[in-house]
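Have the sequence and the model side by side for this walk-through.

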Amino acid sequence: MNKNLIAGLLGAGLLGAAGTVLASDAHTRVIASTCLSCHGADGKSKSAMPSLAGLEKAYFVSQMKAFKTGARPASVMHRHAQGYTDQEFEKMAEYFAALK
């Protein structure tokens with residue numbers, strides 16, 4: 001096989017993987033942005049709602065799962081949590097943990 005062809009195929013594969021990562025990051029920002037109207041811009045609440053910025057990932061995930069199952073009392077979070085997968089909880093947890 002031609003070296004240029006192999007390099008092109010590898011490059012296309014790597015570019016495709018990078019595109020998937022970028023799409024995943026964009027998806028994470030979109031789903032995390034749904035939290036910001038209640039939990040404050042950049043996850044920093046200025047009200048009675050808890051801030052999400054800087055939360056430990058494991059804590060965020062465990063609390064979201066507790067909302068989803070109804071184990072943690074809440075007014076609207078049970079409904080919000082139903083709309084997300086465990087993988088999305090993980091991604092949101094990474095996003096909010098990185099905010100300082």
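Is Glu-90 buried, partly exposed or exposed? The model is a predicted one. In it, Glu-90 has 39% relative accessibility, so Glu-90 counts as partly exposed. Its place is in helix α5.

Now take α5 as a whole. The helix runs over residues 86–98 and has 13 residues. From first C-alpha to last, α5 reaches 19 Å, close to the 18 Å expected at 1.5 Å a residue. Its buried residues are Glu-88, Phe-89, Met-92, Ala-93, Phe-96 and Ala-97. These cover an arc of only 165 degrees around the axis, which puts them on the same side of α5. The spacing fits a general rule. An α-helix has 3.6 residues a turn, so residues three or four places apart point the same way. The face turned away from the buried side carries Gln-87 and Ala-98, both exposed.

The largest nonpolar core has 16 residues. Phe-60, Met-64, Phe-89, Met-92 and Phe-96 touch the most other members. Elements giving two or more residues to this core are α1 (3–33), α3, α4 (77–82) and α5. Look closely at Phe-96. Leaving out residues up to four places away in sequence, Phe-96 touches Ala-32, Cys-35, Leu-36, Gly-43, Leu-52, Ala-53, Gly-54, Leu-55 and Phe-60.

Next comes charge pairing. How many salt bridges does a search of the whole structure find? The search finds one. Its partners are the side chains of Lys-65 and Asp-86, which meet at 3.9 Å, N to O. Lys-65 lies in helix α3 (residues 57–69) and Asp-86 in helix α5, so the pair ties together parts that are 21 residues apart in sequence. Lys-65 counts as partly exposed because its relative accessibility is 33%. Asp-86 has 41%, so Asp-86 counts as partly exposed too.

His-78 and Lys-65 are 13 residues apart in sequence and 9.4 Å apart in space, C-alpha to C-alpha. His-78 lies in helix α4. At 24% relative accessibility, His-78 counts as partly exposed. Beyond its neighbours within four places in sequence, His-78 is in contact with Phe-67, Gly-70, Arg-72 and Pro-73.

Turn to another histidine, His-39. Helix α2 (residues 36–39) holds it. Is His-39 buried or exposed? His-39 counts as buried because its relative accessibility is 10%, and the cut-off for buried is under 20%. Where does its side chain reach? The His-39 side chain reaches the backbone oxygen of Pro-50, at 2.7 Å. Pro-50 is also among the residues His-39 touches, together with Lys-44, Ser-45, Met-49, Leu-52 and Met-77, again not counting residues up to four places away in sequence. Leu-52 is one of the residues touched by Phe-96.

One stop remains, in the loop between α2 and α3. Asp-42 has its place there. Asp-42 has a positive phi of about 60 degrees although it is not a glycine. Asp-42 is partly exposed, with a relative accessible area of 45%.

How values were computed. Residues numbered from 1 in each chain as written. Predicted model: local features only at pLDDT ≥ 70, side-chain atom pairs only at ≥ 80, totals over all residues. Heavy atoms only, no water. Helix = DSSP H or I, 4+ residues; strand = E, 2+ residues; numbered from the N terminus. Expected span 1.5 Å × (residues − 1). Buried < 20%, exposed > 50% of the residue type's maximum accessible area, 1.4 Å probe, protein only. Arc of directions from axis to C-beta. Salt bridge = Lys/Arg side-chain N within 4 Å of Asp/Glu carboxyl O. Core = buried A, V, L, I, M, F, W, Y, C linked by side-chain atoms within 4.5 Å. Contact = heavy atoms within 4.5 Å. Polar contact = N/O pair within 3.5 Å; in protein donor to acceptor, adjacent residues only side chain to side chain.
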